[in-house]
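Please work through each task before reading its solution.

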Amino acid sequence: MSEFWLISAPGEKTCQQTWEKLKTATSYPNSLSTNYKFHIPELKVSAEPQTNFLSQFIVARYMANVLENGRDKLQENLLADGVDLITYITRFQWDMAKYPPHTQSPKSISEIISKQVTQLDKDLNSRASAYNNLKGNLENLEKKNTGSLLTRNLANLVQKEDFILDSEYLITLLVVVSKTAYADWERKYETLAEMVVPRSSFPLSEDNDFGLFSVTLFRKATDDFKLKARENKFTVRDFEYNEEEMRADKEEIKRISKDKNKQYGPLVRWLKVNFSEAFIAWIHVKALRIFVESVLRYGLPVNFQAMLVQPKKKTMKKLREVLRDLYKHLDATAAFNSVDVAMNVPGFQLSQDDYYPYVYYKIDCNLQYLNL
């Protein structure tokens, strides 16, 4: 499982005893979880940090959008400090250089992280806007070359030889006809207006529902032909064969596609680097919170053991019960309310189901579940 429970409990005679007690309780008689020590340096005591943190999820979601058909590769691109997310948190080491614990309070570190995240969000918005504009323009141009014959660009379906060009009197029109009306078209098209050139209709293309036909007539009969065609449920498409415009459209698609591909690599690399930074910062915030809340719960001097508990499949309810029995002496009221019963805890910004006799925070490393 990719879900972890970051918990803490007060030290017994030593913090090692607290750790051993958890391991024993969760391994016998059934193996309920895999446990890891979560190393937090002794921080300065201060108010609980209040950093709101969504950047790692936003970056992950946008990376999935950028990867498009490669979304199945998302998880392998979501790394923290060069390793997969589970490895990072199970081997977590506080970044002493970036967040010096002996000279900065948790509140100060939280403010540093908050500024870092705010700048990341601004940079992401700027880069995403530029890339999305290119992507949107390209999709709009490509969309014109796909879809039904009733709406799509016809330039790629016709050739110069299909038209009477540079004639003062004659014009070639393109007409979309339902497949069920082919016989009706062949029977009627010459009589839809005066001066339609006999036997001038030719099939040019076809999709699932319609066919595209050319027909040649005198220019002055165009309006009458269009009116009668509409009355008979034949759709005359507005189209003028212009090689320069068609060439320009193709060049525009090539140019935008080239620009998009040019931005793709650097953007993915930026997303990977900054997802890593955001995830690392997020875990440091979790460490800050569990430190501060542990001090608030268990008091001074600082004496608690932070532990990362990875539940086994189908053991989560049983694991909760074991942890409740193990730590119910810390807070009898919370122990009573910690299983399937909600309660409000003054002074703690926790959801109702998140308060237990031990300090608890959930960490989920599976970002594939996001609504991408």
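**Exercise 1. Determine the strand order of the open sheet and identify its edges.**

Solution. The structure is a predicted model. Begin with the order: the open sheet has 4 strands, arranged β2-β9-β1-β10 with antiparallel pairing. Next, look for strands that pair on one side only; these edge strands are β2 (33–37) and β10. From one strand to the next, the twist averages 25°.

**Exercise 2. Examine the pairing of β1 with β9, then find the helix that packs on the sheet.**

Solution. Counting the bridges between β1 and β9 gives 6, and the two strands run antiparallel. Pro10 provides a point of reference, as this residue stands opposite Phe304 in β9. The helix packed on the sheet is α8, which touches β1, β9 and β10. The direction of α8 makes about 165° with that of β10.

**Exercise 3. Describe the largest nonpolar core and state which element supplies its largest share.**

Solution. This core contains 54 residues, and among those with the most contacts inside it are Phe38, Leu271 and Phe279. Elements that each supply at least two of its residues include β1 (3–10), α5 (106–143), β9 (304–311) and β10 (359–364). The largest share, 18 residues, comes from α8.

Technical notes
Residues numbered from 1 in each chain as written. Predicted model: local features only at pLDDT ≥ 70, side-chain atom pairs only at ≥ 80, totals over all residues. Heavy atoms only, no water. Core = buried A, V, L, I, M, F, W, Y, C linked by side-chain atoms within 4.5 Å. Buried < 20%, exposed > 50% of the residue type's maximum accessible area, 1.4 Å probe, protein only. Pairing = 2+ DSSP bridges. Axes fitted to C-alpha atoms, helices over the stretch in contact; angles between N-to-C directions. Contact = heavy atoms within 4.5 Å.
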